[in-house]
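Here's a short tour of a protein model, meant to be read with the structure open beside it. Have a look around first, then come back to the text.

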Amino acid sequence: MTSATPEAAAVPEGAVSDATASTPEQPPTESRLLDAIDEARAAAVELAGADAIGDHEEVYGEDQHAATHFFAAHQPGYRGWRWAVTVAACDSDSPITVSEAALLPGPDALVAPAWVPWQQRVRAGDLGVGDLLPADPDDQRLVPGYLKSEDPAVEEVAHEVGLGRPKVLSSIGRDEATERWREGSRGPRADMAKAAPASCVTCGFFLPLAGALRAAFGVCANEFAPADGAVVHAEYGCGAHSDVEPDPGPVAPIAELVYDDGVDLETSASQ
């Protein structure tokens, strides 16, 4: 008897609880294998102990000569997991043997999230001082500098092989960037933009980007603005717009003066 890991033996889809059922794509499983609950339980008990093995939940016919029995697992921390024991026989005259036993997640098991490669887990702001983040060789956001980028400003420096930058932004990369900036905290839908007296496109501190993005994006050059040095959408805005006029009124509201001249004062009885 051998023990398998969850990666080595996955729970088959379409497992059936009816001991006589079989799928159309496979020959019917020998009934004695489907009925071999005691043999399968004994193998699970030998591996994990009697206290760890719960009720028999279902059986799945692997093929004519093998079947997998599933038992509820009572291990602490393994809610919804099941013990899977595969029994087999070469023919109708051969004894039933145990092929493998493994602890596998059931349909409602609590399992760890799917593993994500490191390069896919990196998010904006994760890169620190001294960190290196190489671009993927197949990154669709970049194209060789000698290819058309559909951006006139780029074509001026990358029109010949070997001149200009080795890689330039592709149309896909440019579209992704513009969508991200437009929907971000410096876009027209930001709360700051909704409360601003005017848009960045009319601000004297607005420096338009070069090339195809010039009409929609620029960089804020106002050191007192919250977006100083950041890419902003032309329809973004803040209270530091260059055309904001100072309010001549008082900084704090002053209560109306009240004079008590001519007010009749009543004399207290104690006086």
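The protein's secondary structure comes to six helices and nine strands. Here helices (H or I, at least four residues) and strands (E, at least two) are DSSP runs, numbered from the N terminus. This is a predicted model, where local features need pLDDT of at least 70 and side-chain atom pairs count only at pLDDT 80 or more, while totals for chains, interfaces and linings use all residues. Residues are numbered from 1 along each chain as its sequence is written, and side-chain values use heavy atoms, with hydrogens and water left out.

Of the 271 residues in the protein, 29% are buried (under 20% relative accessible area; exposed is over 50%, partly exposed in between, with a 1.4 Å probe and protein chains only). Take the contacts (heavy atoms within 4.5 Å) with a separation of 6 or more: 53% of them are between residues 24 or more positions apart.

**The sheet**

Now find the open sheet of four strands, ordered S1-S2-S3-S4 with antiparallel pairing. Two strands pair if DSSP finds at least two bridges between them. S1 and S4 are the edge strands, each pairing on one side only. On average, neighbouring strands are turned by 20° against each other, direction ignored. Helix H2 packs on this sheet and touches S1, S2, S3 and S4; its direction makes about 120° with that of S1. (Axes are lines fitted to C-alpha atoms, for helices over the stretch in contact, and angles run from 0 to 180 degrees between N-to-C directions.)

| Element | Residues |
|---|---|
| Strand S1 | 53-63 |
| Strand S2 | 66-73 |
| Strand S3 | 81-88 |
| Strand S4 | 97-105 |

Seven bridges join S1 to S2, and His56 has Phe71 in S2 as its bridge partner.

**A serine in a loop**

Ser170 sits in the loop between strand S6 (167-169) and helix H5 (171-183). Ser170 counts as buried because its relative accessible area is 5%. Leaving aside neighbours within four places in sequence, Ser170 is in contact with Gln140, Arg141, Leu142 and Val143.

**The cavity**

There is one cavity of 30 Å³ or more. On a 1 Å grid over the protein atoms alone, a cavity is a set of points where a 1.4 Å probe fits but cannot get out, and lining residues have an atom within 4 Å of a point. The largest cavity has a volume of about 110 Å³, where grid points are joined across faces, edges and corners and a volume is the space filled by probe spheres set on the points. Its lining has 14 residues, with Cys200, Cys203, Cys220, Ala225 and Cys238 nearest the centre.

Methods: 1 Å grid on protein atoms, 1.4 Å probe; cavity = no way out; pocket = protein on both sides within 12 Å on 5 of 7 lines; lining within 4 Å.
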